[in-house]
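Subject: Structure handover

Hello,

Here is the structure I said I would pass on. My notes on it follow below.

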Amino acid sequence: MSSEVMPATLSCKRPADFQGEAAVLDLGEIRASRFSLSPLRSRRTAPMIRRGDPEAGLSRP
């Protein structure tokens, strides 16, 4: 997921039981993704967000 959709750190409580399926359809300027995953936690740090979409940046108070 990190290389195809967005940079993220994924983890789950029971890695040995994890099951997942992903599909990505590239339509030129548009990319469609479908995921079916066991319960997991996704974490995106500020550097990951900037790396995934450098133009978006982060708003600062």
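Is Arg-34 buried, partly exposed or exposed? Its relative accessible area is 47%, so Arg-34 is partly exposed. Please keep in mind throughout that this is a predicted model.

Salt bridges

The structure holds three salt bridges. In general, side chains of opposite charge can pair when their charged atoms come close.

Another salt bridge joins Arg-31 and Asp-26, with 3.9 Å between the closest N and O atoms. The cut-off for a salt bridge is 4 Å, so the pair is counted. Arg-31 is partly exposed because its relative accessible area is 43%.

Asp-17, at 44% relative accessibility, is partly exposed. Arg-14 has a relative accessible area of 59%, so it is exposed.

The β2 and β3 hairpin

Strand β2 covers residues 20-27 and runs antiparallel to β3, with eight bridges joining the two. Within this pairing, Ala-22 has Phe-35 of β3 as its bridge partner. Two residues lie between the strands of the hairpin, and Gly-28 takes a positive phi near 85° there.

Leu-40

Leu-40 lies in the loop that connects β3 (30-37) with β4 (41-43). What does Leu-40 contact, leaving aside its neighbours within four places in sequence? The residues in contact with Leu-40 are Leu-10, Ser-11, Cys-12 and Phe-18. For Leu-10, the C-alpha atom is 6.8 Å from that of Leu-40, although the two residues are 30 apart along the chain. Leu-40 has a relative accessibility of 32%, so this residue counts as partly exposed. Buried would mean under 20%.

Regards

Conventions: Residues are numbered from 1 along each chain as its sequence is written. This is a predicted model: local features need pLDDT of at least 70, side-chain atom pairs count only at pLDDT 80 or more; totals for chains, interfaces and linings use all residues. Side-chain values use heavy atoms; hydrogens and water are left out. Helices (H or I, at least four residues) and strands (E, at least two) are DSSP runs, numbered from the N terminus. Buried means under 20% relative accessible area, exposed over 50%, partly exposed in between (1.4 Å probe, protein chains only). Contact means heavy atoms within 4.5 Å. Two strands pair if DSSP finds at least two bridges between them. A salt bridge is a side-chain nitrogen of Lys or Arg within 4 Å of a carboxyl oxygen of Asp or Glu.
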